[in-house]
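I opened my notebook today to look through a protein fold, one piece at a time. Come along and follow my entries.

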Amino acid sequence: MRTILLKNVKISVGGELVEGSILIEDKVIKAVSKKTFEADEVLDGNGLLAVPGGIDVHAHVYDPDNPEHEDWRSGSLAASYGGITTLIDMPLRVFVDKTETALEKIQAARRESYVNYGLTGGFLNEQNYNAIEELVKIGVKTFKVFTCRPFQASEKGLGKIFEKAAEKNVVIIAHAEDEGLLTLLESRYRVRDDMEAYHLSRSPYAEAAAVLRLGYYSLETGARLHIAHLSSKEGVDALAFLKSKNPRVTAETCPHYLFFTREDSKAYGTYLKMAPSLKTSVDREALWSALDRGLVEVYASDNAPSPRSLKEKDVWSAWGGIPNLEIMGPFLFTYGVLKGRISLQTFINVFSRNPAKLLGLYPLLGEMFVGSLADIVVLNTREPRQISSKTHHHKVDWTPWEGLSLYGHPYYLMVHGELIIEKGELVGKPGTGMYVGELGKVGMNV
């Protein structure tokens, strides 16, 4: 069998950085050691940092009816340059509540994705909650629920969804904003056509109220709940309260909530529209603190770009979402680790380990153990790379991250031992990735 030696890299072991080598054979890691080994191919890491590949559990990558937004080829390539080796596609507009729809998405990824791939089912409501039973048979482990428009599940439906999720031991990923409060606030602010009005119409209290309500459904049923794209200090406080009662609740936040505030919309306009909305610098710092403390366990992109034509509208009808995949790892490394907001261990936890645990795939993914899949990123920590819509790999020709200079872009990126990026340049091919529902056949049993 073909062997690859990744030598001269720094590896985090028990919180300490150790110089060593990683031996790879037949898609998996065979040895991690200070020693060197003979191999068919040798890659020199030049003393750079090697970490487990990133896992994005929340990215809108491919929607059969909206391919102009993103597709598996563009999204997975952008993800590769963002240090991501596994992407879980989130529904965008098309409901993923039938086996044939799910299989269509999986087959498209099988042809086009540079990285490993999976998908989230949804959007669940009182009519289609039995989709959980159908989709778990093909390896779907996560299901999307909304507590507000445009895919709101009713109160009656939530109970059925949570009970079914508990029965099948799957994860409910919830967009947590209270519809009643959103309706009240929109009636107050919709008379204005400016981005501040839009951001104010999606209050932190709406997020906190929905987080608490969902948490009690989880507590009552025993279902696993994951709060998507947490955006506010109020949401963090609600999460902390729930965690004192219910250990089956986890949460994620996203790079835009860790960087932008609603003040930035004065310059960027509707290009910074997303839901939940941007908040304040106080909320931003609360989210960084929650990551650092382990209260928020997962870092996800909520990648949701669109063509310019859908962004350049009035604030209430403009598309909500931005391209994020390409900046993911480098942003967290630069603004988290290098600025001292989080440790390297936290970086690995929220970007790799914890997402793998959420998916039930740890330590096959999310770790560099003997028997783990050889999904490895060697980070270029010495030379920054500037983000530009002219050079990024997203399908759209714009980015709110324009001009940002980031460290930690992939020097090497490997997906189950296959080189996708070598010395910062693309060498891999579409179709390299594997479906996460089939990963248990490789390496250690999960």
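**Entry 1: the main sheet**

I reminded myself that I am looking at a predicted model. Eight of them form an open sheet, in the order 6-7-8-9-10-11-12-13, and the pairing is parallel. Which strands stand at the edges? I found strand 6 (54–59) and strand 13 there; each has a single partner strand, so one side of each is left without a neighbour in the sheet. A handy reminder for myself: strands of a sheet pair through backbone hydrogen bonds, either parallel or antiparallel.

**Entry 2: strand 11 and its partners**

Next I picked strand 11 (residues 224–227). Strand 10 (residues 171–175) runs parallel to strand 11 and is joined to it by four bridges. For Leu225, the bridge partner in strand 12 is Val249. I then traced the chain from strand 11 through helix 8 to strand 12 and noted that this β-α-β crossover is right-handed.

Are the side faces of strand 11 covered or open? Both are covered: Arg224 and His226 on one side, and Leu225 and Ile227 on the other, are all buried.

Helix 13 lies across strand 6, strand 7 (84–89), strand 10, strand 11, strand 12 and strand 13. Against strand 6, helix 13 runs at about 65 degrees.

**Entry 3: two helices together**

Here I checked helix 8 (residues 233–243) against helix 10. They pack at an angle of about 35 degrees, with their axes 8 Å apart. Helix 8 brings Lys233, Glu234 and Val236 to the contact, while helix 10 brings Val282, Asp283, Ala286, Leu287, Ala290 and Arg293. Sorted by class, I have five nonpolar, no polar and four charged residues in this contact.

**Entry 4: the cores**

How many residues are in the largest nonpolar core? There are 116, and Leu87, Ile172, Ile227, Phe331, Leu332 and Phe347 touch the most other members. Helix 13 (residues 344–358) gives the most to this core, with seven residues. Another core, of 18 residues, lies apart from it and includes Ile11, Ile29, Ile376 and Tyr412. I jotted down the background too: in soluble globular proteins, nonpolar side chains tend to be buried together.

I met Ile227 again here. Leaving aside its neighbours within four places in sequence, Ile227 is in contact with residues including Ala174, Val211, Leu214 and Val249.

**Entry 5: Glu297**

Glu297 lies in the loop between helix 10 (281–293) and strand 13 (298–299). Why do I call Glu297 buried? Its relative accessible area is 14%, and buried means under 20%. Beyond its neighbours within four places in sequence, Glu297 is in contact with Lys243, Val249, Thr250, Ala251, Asn349, Val350 and Asn354.

**Entry 6: strands elsewhere**

I also noted that strand 5 (residues 49–52) runs parallel to strand 1 (residues 3–13), with two bridges between them. Strand 5 is joined to strand 14 (residues 376–380) by four bridges, and these two run antiparallel. Val51 stands opposite Val377 in strand 14.

How values were computed: Residues are numbered from 1 along each chain as its sequence is written. This is a predicted model: local features need pLDDT of at least 70, side-chain atom pairs count only at pLDDT 80 or more; totals for chains, interfaces and linings use all residues. Side-chain values use heavy atoms; hydrogens and water are left out. Buried means under 20% relative accessible area, exposed over 50%, partly exposed in between (1.4 Å probe, protein chains only). Contact means heavy atoms within 4.5 Å. A nonpolar core is a set of buried Ala, Val, Leu, Ile, Met, Phe, Trp, Tyr and Cys residues joined through side-chain atoms within 4.5 Å. Axes are lines fitted to C-alpha atoms, for helices over the stretch in contact, and angles run from 0 to 180 degrees between N-to-C directions. Ala, Val, Leu, Ile, Met, Phe, Trp, Tyr, Cys and Pro count as nonpolar, Asp, Glu, Lys and Arg as charged, and the others, Gly among them, as polar. Two strands pair if DSSP finds at least two bridges between them. A crossover is right-handed if, with the strands pointing away from the viewer, the path from the first strand over the helix to the second runs clockwise.
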